[in-house]
Amino acid sequence: PPASPPRETTKASPLRVKQVARQRKTAPPPPAVGGVAAAPPRQRKAVPPPPPPPAVVELAAAPPLHRATPAAGDWRIIGAHVQDSDDATVRGVVTDCTHAFKEVTTTTGSVVMMRRSKLTRTTLTDEEVALCARPTSLKDYVQARIDGTIRVSHGENGREFKNCYTCADGTERRQFEVKATHVRCALCGDAHTWSLETDSLVL
């Protein structure tokens with residue numbers, strides 16, 4: 001069959017071309033999906049976790065006071081100022097009374113248990129009384145009892161050594177040291193220890 005005649009192309013007029021170009025320039029851009037373009041999410045700065053609270057170590061309290069009723073006419077009551085009748089350097093305040101002994105907290109901070117017959121009256125200054133505070137924790141109380149109990153004589157002159165001593169270089173040390181949970185012999189080769197929880201009565 002004979003070929004179809006070619007279609008005639010209609011050329012747009014210059015005025016139409018300008019109108020189309022103007023419409024393309026003024027037409028708004030297509031909207032984003034959802035109608036409004038969402039802003040990118042803000043990245044929040046990571047906040048480090050707070051530090052853990054400090055560990056609280058509860059110290060056991062010192063033994064309670066006995067507060068035994070003193071004999072009639074006995075002046076050696078709690079609060080009395082006393083002195084060792086055999087050693088004038090041991091001075092302090094009666095801080096507890098048992099049926100057989102008087103607990104004396106001394107001006108050096110040690111605690112000694114003495115029979116009433118070994119105590120004489122004395123007068124302490126306000127500064128000395130302030131030093132005679134009975135320890136409130138078991139650790140400090142046991143240390144004070146050990147410091148007041150250990151007295152060892154050595155040599156022909158009877159030189160006495162206490163738990164607290166001074167080395168040749170002037171350093172102050174203790175033979176028995178009380179830690180938070182135990183008592184340690186600092187001079188023992190095997191570093192022997194005693195438990196504060198189970199051996200306090202023995203100590």
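Asp-74, Arg-76, Lys-102 and Arg-116 are linked in a network of salt bridges, a salt bridge being a side-chain nitrogen of Lys or Arg within 4 Å of a carboxyl oxygen of Asp or Glu. The structure is a predicted model, in which local features need pLDDT of at least 70 and side-chain atom pairs count only at pLDDT 80 or more, while totals for chains, interfaces and linings use all residues. Residues are numbered from 1 along each chain as its sequence is written, and side-chain values use heavy atoms, with hydrogens and water left out. Salt bridges number 11 in the structure, and a search of the whole structure finds zero disulfides.

**Salt bridges**

- Side chains of opposite charge can pair when their charged atoms come close.
- Asp-74 is in the loop between α1 (14-26) and β1 (81-84), and Arg-116 is in the loop between β4 (111-114) and β5 (119-121), 42 residues apart from Asp-74. Helices (H or I, at least four residues) and strands (E, at least two) are DSSP runs, numbered from the N terminus.
- Asp-74 has 10% relative accessibility and therefore counts as buried, whereas Arg-116, at 42%, is partly exposed. Buried means under 20% relative accessible area, exposed over 50%, and partly exposed in between (1.4 Å probe, protein chains only).
- Asp-87 forms a salt bridge with Arg-151, and the closest N and O atoms are 2.5 Å apart. Because Asp-87 lies in strand β2 (residues 87-97) and Arg-151 in strand β6 (residues 151-154), the pair ties together parts that are 64 residues apart in sequence.
- Asp-87 is buried because its relative accessibility is 18%; Arg-151 is partly exposed because its value is 31%.
- Glu-103 and Arg-134 form a salt bridge in which the closest N and O atoms are 2.7 Å apart. This pair also links distant parts of the chain, with Glu-103 in strand β3 (residues 102-106) and Arg-134 in the loop between α2 (126-131) and α3, 31 residues apart.
- Glu-103 is buried, with a relative accessible area of 2%, and Arg-134 is buried, with a relative accessible area of 19%.

**Nonpolar cores**

- In soluble globular proteins, nonpolar side chains tend to be buried together.
- The largest nonpolar core has nine residues: Leu-138, Val-142, Ile-146, Ile-150, Phe-176, Val-178, Val-183, Cys-185 and Leu-196. A nonpolar core is a set of buried Ala, Val, Leu, Ile, Met, Phe, Trp, Tyr and Cys residues joined through side-chain atoms within 4.5 Å.
- Two or more residues of this core come from each of α3 (138-149), β10 (176-178) and β11 (182-185). The largest share, three residues, is given by α3.
- Val-178 is in contact (heavy atoms within 4.5 Å) with Lys-139, Val-142, Gln-143, Ile-146, Val-183 and Leu-196, leaving aside its neighbours within four places in sequence.
- A second, separate core of eight residues includes Ala-80, Val-82, Val-94 and Val-104.

**The three-stranded sheet**

- An open sheet of three strands has the order β10-β11-β12, and its pairing is antiparallel. Two strands pair if DSSP finds at least two bridges between them.
- β10 and β12 (193-195) stand at the edges with a single partner strand each, so one side of each is left without a neighbour in the sheet.
- Neighbouring strands of this sheet are turned by 20° against each other on average, direction ignored.
- Three antiparallel bridges pair β10 with β11, and Glu-177 stands opposite Arg-184 in β11.
- α3 packs on the sheet and touches β10 and β11. The direction of α3 makes about 165° with that of β10; axes are lines fitted to C-alpha atoms, for helices over the stretch in contact, and angles run from 0 to 180 degrees between N-to-C directions.

**His-182**

- His-182 lies in strand β11 and is partly exposed, with a relative accessible area of 25%.
- Not counting residues up to four places away in sequence, His-182 touches Glu-177, Thr-193, Trp-194, Ser-195 and Leu-196. His-182 and Leu-196 are 14 residues apart in sequence, and their C-alpha atoms are 4.8 Å apart in space.

**Cysteines**

- A disulfide is a pair of cysteine sulfur atoms within 2.5 Å, and the count for the whole structure is zero.
- Cys-97 is buried because its relative accessibility is 2%, whereas Cys-164 is partly exposed because its value is 40%.
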